[in-house]
Structure formats: structure tokens, C-alpha cells
Amino acid sequence: MKKFETHVRNIEEKEKNLLEILLLAQGKFGSLSIEVIEYLSRLTQINVQEINDTIEFFDFLDKGERIKNIKVCSGLSCSIKGGKNIYQTLRSTTDETKVKISLVKCMGKCAYSPNLTVDEDSYTEIKLEDLKDLY
Ligand code: FES
């Protein structure tokens, strides 16, 4: 891992050389899963959406077995307006081998509580009956 990180850190103009970085990562990890994308984002300081867009553009990049990543806001406003119930419902009704569910702190959209994200998509004023259409 250290060798890979050193190699990537030594690449100049990382955004221009993102494809090279993605090919290196694919060689190292086998595929470019959400977890790999988040790791690369931290390593390169390139945002997740840009990395994901590049992967989607090139058919030869292996997205692997993508699991959905749902983040439910656990801030006060969202919790009061049903976020806690949404989180518990998702946890009890979702196959967690295909969907990763986690709590995050305030998403900064308190006026539209409760909030959650599915991968890069944001959803506001979520109701329990909306959950079946999320993914
Ligand atoms: S408390 Fe959920 S967005 Fe602020």
C-alpha cells in the first residue's frame, strides 16, 4: 500500500493524470469500488464526483461490484423530523451486503430535514414511504 501511495503522491498534476492514477488503482485493487474512489479522493484531493465521472466515461475501467452507500443525517433537526426512524428502517429492511448504511453529522440542509444521500445523490424531506424508491 505504501508503495502505491508514494507512486500516486509523486504524480504531478493529478487531475490531468487521473486516468493513469485510476489504472494504477485498478491494477492494485482489482476494481474501482466506492471505497477505492473515496480512498483515491483522500489521497489525491480530487473530489469523489470527478473521479466517479471519469470512471463512468471509460468503459475499460472496472467499477467492480458496486454497493450503494447511504448516509443518513443524524443531526438534531433531521433526527427530530424522523431521520432516526429512517435510519432504523433502512437498517432493518436493507441487505447490507449490497448497501452500506451509515450516520453522518449535519449535512447543512437542516431546513429540508430529514436528509440522506445515496452515493452522490442528495435527498431532502425524506419520508418512510420514499425509501423503497431510493435504490
Ligand atoms: S441536521 Fe440534518 S442537515 Fe442539519
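This is a predicted model: local features need pLDDT of at least 70, side-chain atom pairs count only at pLDDT 80 or more; totals for chains, interfaces and linings use all residues.
**Entry 1: helix α3**

I started with α3, which spans residues 34–44. I asked which of its residues are buried. I found Val36, Ile37 and Leu40. I then looked at where they sit around the axis. They cover an arc of only 100 degrees, so they lie on the same side of α3. Next I checked what this buried set packs against. The partners are α2 (18–29) and α4 (48–57). Last, I stepped past the end of the helix. Gln45 follows α3, and its phi is positive, near 65 degrees.

**Entry 2: a cis peptide bond**

I looked up the bond from Ser113 to Pro114. This peptide bond is cis, with omega near -5 degrees. Pro114 is in the loop between β2 (99–104) and β3 (116–118).

**Entry 3: Glu13**

I turned to Glu13 for its backbone angle. Its phi is positive, about 45 degrees, although Glu13 is not a glycine. I located Glu13 in the loop between α1 (2–9) and α2. Is Glu13 buried or exposed? I read 7 C-beta neighbours inside 10 Å, so Glu13 counts as exposed. The cut-off for exposed is 12 or fewer.

**Entry 4: Glu125**

I placed Glu125 in the segment after β4 (121–123). How many C-beta neighbours does Glu125 have inside 10 Å? I read 13, so Glu125 counts as partly exposed.

Key
Residues are numbered from 1 along each chain as its sequence is written. A residue is buried if 20 or more other C-beta atoms lie within 10 Å of its own, exposed if 12 or fewer, and partly exposed in between; C-beta atoms are placed from the backbone. Helices (H or I, at least four residues) and strands (E, at least two) are DSSP runs, numbered from the N terminus. The arc is that of the directions from the helix axis to the C-beta atoms. Two residues are in contact if their C-beta atoms, placed from the backbone, lie within 7 Å.
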